[in-house]
Amino acid sequence: MLYLDNLLQRLKMNTYWSQYVQKTEELYSSRALKFHQGNIDKWIDAMQLCNGMKILEVGCAGGLLCHLLKKQLPDAEITGLDFDLGHIEYAKKKAEELKLPCSFVAGDATELPFESEVFDACYSHTVMNFCDPQKFAGEQYRVLKPGGRMIVMDVYNRGAKPEEWIPTEDCEEKELFDKVWAAASENPNSQIKRYENRPEKYFACLAAQGFQDLSIDAMAVVNYAPDCDNIDGETARAQINDDRITELCSAEKAYRMAPDGISKSEYQTLVDMIHRRYDRRLAQYENGEKSWEFRIATTVLISGRKP
């Protein structure tokens, strides 16, 4: 009981990720461009999931992938877990809105609040490098049934500049954005503990925990190409606005961490500039002005079977 009381107390205080790292709406929006109804069957095949399974997502954020899986695998039992209460509340409300009977639980990925040997599959997406890797893999080994699979998904070859929505040319917007983040970087909340996330390290970790039949797959997704003719209008606008949401959320998080980093009027100026830039980009799209920018995200899927 003491452990449960301590865990509940920790969870009551935990909205760190959604407040200071990635807001729930930001994550849900970006994941909706990566995982969608047009490609979910390919993800399901790569993850080796099937109808009737009992499936756990570790680090589900706002629950986007859980929601999609439940639509496609209606007889599967889908549970999403996240340590951030803001993410969990969003996931629950979205599931109710979509009328999808998924379960969402607040909990620690390194101390899963489940009995042993209850799931057929456990998967995660860009989570393992933020947790103690041995505890992360060990807990999933524990809750998996014999024959169950653990799937680790992570972005491969992220590149030197993943924040491609930040303006690169000198301008007032970039100056204010850099100014507020320079101040925010002094706040301990901006310092995220990370673990090494090279795929070969994931293989070694799963093998050390006893997983067998280790395998790798990969999926490449075009997550930004609004000017291309094979991208429909709704998706093109969503791609442009996803960058808007990401930059606005980033500015908001920095300002929350460093309210004295820029003045209130400077922050409002920054927000207005962000909106104007993306309004211009949308207007260019609607007018048929092409810039031909594109981005492709490659995800590796590393999995192992519990004997």
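A residue is called buried here when its relative accessible area is under 20%. With that cut-off in mind, I turn to the structure, which is a predicted model.

I begin with Lys-23. Its relative accessible area is 16%, so Lys-23 counts as buried. Its partner in a salt bridge is Glu-252, with 2.9 Å between the closest N and O atoms. Lys-23 sits in the loop between α2 (16-21) and α3 (24-34), whereas Glu-252 belongs to helix α10 (residues 233-257), so this pair ties together parts that are 229 residues apart in sequence. Glu-252 itself is partly exposed, at 26% relative accessible area.

Glu-252 also forms a salt bridge with Arg-256, and here the closest N and O atoms are 2.8 Å apart. These two residues are 4 residues apart in helix α10, about one helical turn. Salt bridges that share partners join Lys-23, Glu-25, Glu-252 and Arg-256 into one network. Arg-256 is partly exposed, with a relative accessible area of 31%.

How many salt bridges does the model contain? The count comes to 19. Another of them links Asp-178 and Lys-174, at 2.7 Å from N to O. Both residues lie in helix α8 (residues 172-184), 4 residues apart. Asp-178 is partly exposed, its relative accessible area being 35%.

Next, the cysteines. The count of disulfides is 0. For Cys-122, the closest cysteine sulfur is that of Cys-66, and the distance of 12 Å is too far for a bond. Cys-122 is buried, with a relative accessible area of 0%. For Cys-171, the closest cysteine sulfur is in Cys-249, 19 Å away, which is again too far for a bond. Cys-171 is partly exposed, at 33% relative accessibility.

I move on to helix α9 (residues 199-209). Its buried residues include Pro-199, Tyr-202, Cys-205 and Leu-206. They lie on the same side of α9, because they cover an arc of only 115 degrees around the axis. Against what do the buried residues of α9 pack? They pack against α7 (133-143), β5 (144-155), β6 (212-224) and β7 (295-305). After α9 comes Gly-210, with a positive phi near 105 degrees.

Finally, the surface. Val-222, Phe-294 and Ile-296 form a nonpolar patch with about 310 Å² of accessible area together. Phe-294 is located in the loop between α11 (264-286) and β7, and its relative accessibility of 56% makes Phe-294 exposed. By contrast, Leu-81 in strand β2 (residues 77-82) is buried, at 1% relative accessible area.

Methods:
Residues are numbered from 1 along each chain as its sequence is written. This is a predicted model: local features need pLDDT of at least 70, side-chain atom pairs count only at pLDDT 80 or more; totals for chains, interfaces and linings use all residues. Side-chain values use heavy atoms; hydrogens and water are left out. Buried means under 20% relative accessible area, exposed over 50%, partly exposed in between (1.4 Å probe, protein chains only). The arc is that of the directions from the helix axis to the C-beta atoms. Contact means heavy atoms within 4.5 Å. Patches are made of residues with over 30% relative accessible area and no salt bridge: like charges are joined within 9 Å, nonpolar side chains (Val, Leu, Ile, Met, Phe, Trp, Tyr) within 5 Å. Accessible areas come from the Shrake-Rupley method with a 1.4 Å probe; for residues, only the protein chains shown count as cover. A salt bridge is a side-chain nitrogen of Lys or Arg within 4 Å of a carboxyl oxygen of Asp or Glu. A disulfide is a pair of cysteine sulfur atoms within 2.5 Å.
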